[in-house]
Each structure stands twice: as C-alpha cells, then as structure tokens.
Amino acid sequence: MSRDQAAAFLHALAAANPTPQTELIYTDAFTLLCAVVLSAQSTDAMVNKVTPALFEAAPDPTSMAALGAEGIGPLIRRLGLWQAKARNLAALAALLVERHGGEVPRTREGLEALPGVGRKTANVVLNVMFGEETMAVDTHIFRLGNRTGLAPGRNPREVEDALVKRCPPGLLRDAHHWLILHGRHVCKARQPECWRCPAIRFCNYRDKVLPPAA
C-alpha cells in the first residue's frame, strides 16, 4: 500500500471500532504481564479461562513467586507449553520482587530482561498499561500486514517497523488493537471474511472472499 492508502485503511478500522481494547482480562500491570506471557501460542479466550484461579491464588509477584512453578502448573495446564510458562511466571515474579520492588518495569529493557518476555510481550505491556505508542506484532498482525499489503515483511520486526512508519500520527497506540482484533475476527487465517471488512476498498488482497450463499 501507499502511505495514503495505509492511512485510509487504518482510519476505516478506527471508524468501525473507536475504542478498541485488549481481550485479555487483567487488573493491573502484573496480571496483564502474566496474561500476555501465558498467551504465547494460546488464544486470549483460553488464557481468560485459567487466569481467574491463578490470580486468585497469586495476585501479586510475591505470592506468585511463593507459589512456584509446582503450584502454578496445575492452574494453567489447559494452555499450550504450560510447563515452560509455569517456570517463566515463577522466575519472572521472583525477579520482580528481587530487582524491582515488586513493580513491573516501565521500560522495554527492563521488561525484556524478564523470563518469558520478548519484544512482542513488552510492546503489549508498554502499550496497554503504560500508554506508549508501540506495535506488538503477533501472528494475526503479521498475516494481516502481508496479506493486505499494509506492511509486508519477512519477519515480525520488519512488519512492526513498517507499521510504525505508515501509521498516521496519533493512531499508533490504538492501531495495535485495531489490527489484532481485525486479524482475529475478520481477516482470519484460513479464510478472511472480506465481506465484513470495513477497510475492504483499501485492501490489496487479490483473492477477496465473497459472502457465503444464503
């Protein structure tokens, strides 16, 4: 897409969803961080099924570290990679207590130094909790960026950089949510529901899908 076309695409998504929000359930920076770590290779809906019991047992870094991987594991067994995630949450919580006074770091460097936290997770926390204009590229946004021509790239970082450059001023923070929700619910992996897309006239995808026959 051209820069003007990309802007029009994002403005169309914005008009259709003026107040986008993450679908993860959280109460503070710590529970958001844990939920995003748990969402790797799992759906937000599935994460939201396990986190109520987890956060009831361990609502803060001190209690999560005390619970340990052995206590966390049974509470998140329904998630993919649950054993590694249990170890990461326990180690992450311990480091928050030891190095940050139990507070979630507000910097990318501090976040990415935590177990289980990569660039995407850090971008989500910085965006949702701390109001920074970041673009967290997950599988949905990576697919959408390449499929539509909005921000083609060979890897998530290339797509992220392209989106940051093409996003109009003032829209970047919400653009993360518009794109992830659009990729999750409309521009789906197996078959995009193009007839539901509010930005279809700005999309460069050649094989647009017609609505199913009545």
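**Side-chain terms and their criteria**

Student: Why does Arg 108 count as partly exposed?

Tutor: The relative accessibility of Arg 108 is 21%. Buried means under 20% relative accessible area, exposed over 50%, and partly exposed in between (1.4 Å probe, protein chains only); Arg 108 is therefore partly exposed. This is a predicted model, in which local features need pLDDT of at least 70 and side-chain atom pairs count only at pLDDT 80 or more, while totals for chains, interfaces and linings use all residues. Residues are numbered from 1 along each chain as its sequence is written, and side-chain values use heavy atoms, leaving out hydrogens and water.

Student: What makes the meeting of Glu 112 and Arg 108 a salt bridge?

Tutor: Their side chains come to 3.7 Å, N to O. The criterion is a side-chain nitrogen of Lys or Arg within 4 Å of a carboxyl oxygen of Asp or Glu, so the pair qualifies. Glu 112 and Arg 108 are four residues apart in helix α6 (residues 108-112), and therefore about one helical turn separates them. Helices (H or I, at least four residues) and strands (E, at least two) are DSSP runs, numbered from the N terminus. Glu 112, at 33% relative accessibility, is partly exposed.

Student: Why are Arg 157 and Asp 161 separated by about one helical turn?

Tutor: Because they lie four residues apart in helix α9 (residues 156-166).

Student: Is Glu 193 buried or exposed?

Tutor: Its relative accessible area is 16%, so Glu 193 is buried. Glu 193 forms a salt bridge with Lys 188, with the closest N and O atoms 2.9 Å apart, and Lys 188 is partly exposed at 30%. Elsewhere, salt bridges with shared partners join Glu 23, Asp 44 and Arg 184 into one network. The structure holds eight salt bridges.

Student: What makes the charged end of Arg 147 sit over the ring of Tyr 205?

Tutor: The charged end is 5.4 Å from the ring centre. The term requires NZ of Lys or CZ of Arg within 6 Å of the ring centre and within 35 degrees of the ring normal.

Student: With which residues is His 140 in contact, leaving aside its neighbours within four places in sequence?

Tutor: With Ile 180, Gly 183 and Arg 184, where contact means heavy atoms within 4.5 Å. His 140 belongs to helix α8 (residues 139-148).
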